[in-house]
Amino acid sequence: MSDAQPTSALLDVRDLEVVFTRKDRRDVRAVDGVSFTVDRGETVGLVGESGSGKSVTSLAIMSLLPDRGVRVGGQVWFDGDDLLTLPKDRMRDIRGQDIAMVFQDPMSSLNPVVPIGIQVTEVLTRHQGLKGEEAKHAAADLLTRVGIPDPNRRLKEYPHQLSGGMRQRALIAMALACRPRVLIADEPTTALDVTIQAQILELLKELVRDSDAALVMITHDLGVIAGLCDAVHVMYAGRVVESAGRRELFAEPRHPYTGGLLASVPRLDAPRGAPLHPIPGSPTDIRPWAQGCAFSPRCGNRIDPCTESPPALEEALGRSLRCYNPLMADEEVPA
Amino acid sequence: MSATADPTTRARPDLASTDVLLSVRGLEVHYPIRSGIVFERQIGSVKAVDGVDLDVPRGSTIGLVGESGCGKTTLGRAVLRLVEPTGGTVSFDGIDVHTLEGEDLRRMRRRMQMIFQDPMASLDPRQSIESVLTEPRRAHGIEVGGTRTVPELLDLVGLPSSAAWRYPHEFSGGQRQRIGIARAIALEPDLIIADEPVSALDVSIQAQVVNLLEELQDRLGLTYVVIAHDLAVVRHIADVVAVMYLGGIVEQAPSDTLYAQPFHPYTKALMSAVPIPDPVIEDTRVRILLPGDIPSAANPPRGCRFHTRCPYRQPTRCDDERPALRELAPGHTVACHWAEDIAAGSIAPQAEAIVDAAVDEQPPEFVPVPGEPETTTLGPPPGI
């Protein structure tokens with residue numbers, strides 16, 4: 001393991017590996033060698049279905065996984081430090097201050113018996129040493145900034161008194177409190193209605209633009225990725241199967257899984273009656289990576305090598321791709 | 001419909017036909033709000049559904065879209081009388097469902113079934129699939145042979161017949177939803193109300209279930225009411241889409257027409273908010289951002305329900321006169337006073353509601369002053 005950060009990127013995740021171990025059970029390899037970088041002012045998307053390891057990746061970056069029963073490998077470079085080897089108190093300083101996170105379900109990430117105001121000022125008190133009136137003013141400013149009307153009243157209210165969109169805004173306000181340099185958003189809009197989702201996405205976009213922060217967007221919604229991210233990493237069964245700039249990815253998906261995902265979502269602008277091509281099987285039909293490609297049981301492009309050895313993530317066709325038999329241009333997505 | 005143009009399109013039923021299976025008139029569901037400890041009294045009501053008219057032609061699919069709290073689920077349940085409506089009528093095949101009682105109602109229920117959102121929560125974990133699928137028959141006292149057998153049902157929804165002896169936890173989400181669908185068609189109903197049939201499923205699985213629903217409709221001649229918040233799914237599956245806002249239908253049209261020319265400002269905003277998985281389109285489309293949240297149904301705004309968030313709000317009529325549904329084009333009804341003017345372009349939306357994605361390509365110069373509290377509002381304008 002080298003001591004210096006290998007690249008100049010703000011956040012550099014290298015060969016991240018998370019294994020859940022349980023006594024007398026087989027180990028579960030949730031994240032299996034994931035690497036990506038995010039730079040200032042850049043938005044990177046991690047897409048995948050349930051069980052693809054995208055949320056565990058974010059928890060591992062933040063060192064939020066429990067100590068027992070989990071083995072985390074690889075490196076997470078941030079500002080010259082490997083976050084995975086930092087002492088706990090140093091990590092506590094960075095978490096919330098330099099790297100912040102927005103979770104999916106605002107109701108379960110806010111403390112239901114503590115007023116919003118105390119929860120927002122806690123971040124400011126812990127990291128910036130603000131006290132009393134000063135902290136309160138700063139908190140009210142933050143709520144205004146994320147578009148919560150009447151912030152002074154809202155600060156005294158409890159989470160259940162706020163609507164879903166408002167709670168998610170409060171959570172984003174807490175994440176933004178210390179002007180983090182990296183923001184990790186784990187399905188921030190999944191629990192919300194589309195019109196509220198549009199508001200939140202606009203807010204995140206402006207944040208990246210105005211404060212030059214790096215944003216890691218974790219979602220299963222390809223539409224959200226299409227409008228927001230610069231680079232996209234598609235994950236399947238704990239590994240990245242395709243990484244590309246968003247325009248290349250959407251214009252010419254090369255991995256059969258990416259292509260299958262795009263062909264299976266009904267699009268609002270597609271001619272009506274256009275048939276949907278679902279991916280057969282379910283995300284639980286996974287071949288262990290050790291025995292070949294995990295997607296091969298569901299893949300229409302499967303050839304012999306796919307079931308013999310795992311494909312490597314290689315530079316091909318202008319992107320990183322983990323596939324023996326990628327989709328070619330103008331090729332119909334196999335049904 | 002335009003079924004002749006494309007051979008892959010499914011044959012669509014004739015929407016102008018007068019063969020209406022389900023007809024809803026002025027349906028209201030008001031939940032009472034009570035207060036008091038010793039003497040409980042009603043202090044108000046939540047108007048979950050407030051005056052809805054809907055016609056469902058036989059063999060067609062009607063989609064109900066709207067955000068959470070708009071009353072779409074309550075409407076579906078009131079039609080089946082799973083909640084008791086407080087006003088209006090529902091007639092099914094010419095029979096007023098709300099006058100039925102006891103045995104007559106039970107017999108009517110056989111013809112109307114429901115598919116639920118969460119397949120795990122709507123299946124009993126201790127009941128084998130065989131038992132799940134024969135229970136409707138037992139409940140309605142139908143002898144073996146009167147309906148499809150369990151293997152036939154499983155085959156219809158694309159599951160192996162060996163599934164009959166297994167339990168819900170042994171199946172994946174998509175397979176569980178197939179079981180829910182098999183249960184709904186077990187009694188050979190005429191009408192199926194599907195409440196968010198795919199929203200709990202993984203993206204790659206949603207299409208399987210959507211395709212299955214369409215296939216079953218073709219094979220069994222079912223009539224669907226599909227309730228969903230996902231406009232893209234509803235547009236794909238439905239012949240006619242009704243958009244709901246705060247207890248009422250604000251716009252109803254054949255789904256192609258609705259997409260090509262939405263009249264109601266809420267429909268416009270809803271459509272522009274749905275992300276499209278195509279960066280080229282996402283970068284150029286103009287978004288209408290609605291400020292704030294959906295108001296409380298316990299205290300809905302006077303006049304047009306949408307006027308508190310409407311970017312096209314006018315100084316007159318909007319705040320004091322509730323617009324009725326008017327037919328602007330054949331089969332296309334809208335509840336907006338100013339629909340014609342908005343369509344003609346003579347009423348422009350408020351500038352701050354419009355987000356032009358194209359400007360994002362050239363970010364404006366913005367240097368945050370360190371230490372100074374920021375006053376810029378990033379979200380929609382406050383105070384609305």
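Five bridges link β7(A) with β8(A), and the two strands run parallel; here strands are DSSP runs of E with at least two residues, helices are runs of H or I with at least four, both numbered from the N terminus, and two strands count as paired if DSSP finds at least two bridges between them. The model is a predicted one, in which local features need pLDDT of at least 70 and side-chain atom pairs count only at pLDDT 80 or more, while totals for chains, interfaces and linings use all residues. Residues are numbered from 1 along each chain as its sequence is written, and chains are lettered from A and ligands numbered from 1 in the order in which they are written.

Within this pairing, A:Leu183 has A:Leu215 of β8(A) as its bridge partner. On the β6(A) side, β7(A) is joined to β6(A) by four bridges, again in parallel, and A:Ala100 stands opposite A:Leu183. Is strand β7(A) enclosed or open? Five of the five residues of β7 (residues 182–186) of chain A are buried, so the strand is largely enclosed by the rest of the structure. A residue is called buried if 20 or more other C-beta atoms lie within 10 Å of its own, exposed if 12 or fewer do, and partly exposed in between, with C-beta atoms placed from the backbone. In a regular strand, side chains alternate between the two faces of the sheet. In β7(A) both faces are covered, with A:Val182, A:Ile184 and A:Asp186 buried on one side and A:Leu183 and A:Ala185 buried on the other.

Together with α8(A), the strands β7(A) and β8(A) form a right-handed β-α-β unit; right-handed means that, with the strands pointing away from the viewer, the path from the first strand over the helix to the second runs clockwise. β8 (residues 214–219) of chain A also pairs with β3 (residues 43–47) of chain A, in the parallel sense and over five bridges. In that pair, A:Val47 lies opposite A:Thr219.

These strands belong to an open sheet of eight strands in chain A, ordered β6-β7-β8-β3-β9-β10-β12-β11, with mixed pairing. The edges are held by β6 (99–102) and β11 (314–316) of chain A, each with a single partner strand, so one side of each has no neighbour in the sheet. On average, neighbouring strands of this sheet are turned by 20 degrees against each other, direction ignored, with axes taken as lines fitted to C-alpha atoms.

Turning to the helices of chain A, the 14 residues of α5(A) should span 20 Å at 1.5 Å a residue, and the end C-alpha atoms are 20 Å apart, which agrees; the expected span is 1.5 Å times one less than the number of residues. Buried in α5(A) are A:Ala135, A:Ala139, A:Ala140, A:Leu142, A:Leu143, A:Thr144 and A:Arg145. These residues pack against α4 (116–128), α6 (151–156) and α7 of chain A. Just after α5(A), A:Gly147 takes a positive phi of about 85 degrees.

Helix α11 of chain A contains A:Tyr257, which is buried, with 28 other C-beta atoms within 10 Å. Leaving aside residues up to four places away in sequence, A:Tyr257 touches A:Val234, A:Tyr236, A:Val241 and A:Phe295, where contact requires C-beta atoms, placed from the backbone, to lie within 7 Å. A:Tyr257 and A:Phe295 are 38 residues apart in sequence, and their C-alpha atoms are 7.3 Å apart in space.

Between the chains, 56 residues of chain A are in contact with 54 residues of chain B. On the chain A side, the elements giving two or more residues are α5 (132–145), α7 (164–176), α8 (194–211), α9 (222–228), α10 (246–251) and α11 (256–264). Among these, α8(A) gives the most, with 14 residues.

Chain B has eleven helices and 14 strands, and 44% of its 384 residues count as buried. In helix α9 (residues 265–273) of chain B, eight of the nine residues are buried, so this helix is largely enclosed by the rest of the structure. Most residues other than glycine have a negative phi.

Note on methods. Contact = placed C-beta atoms within 7 Å. Axes fitted to C-alpha atoms, helices over the stretch in contact; angles between N-to-C directions.
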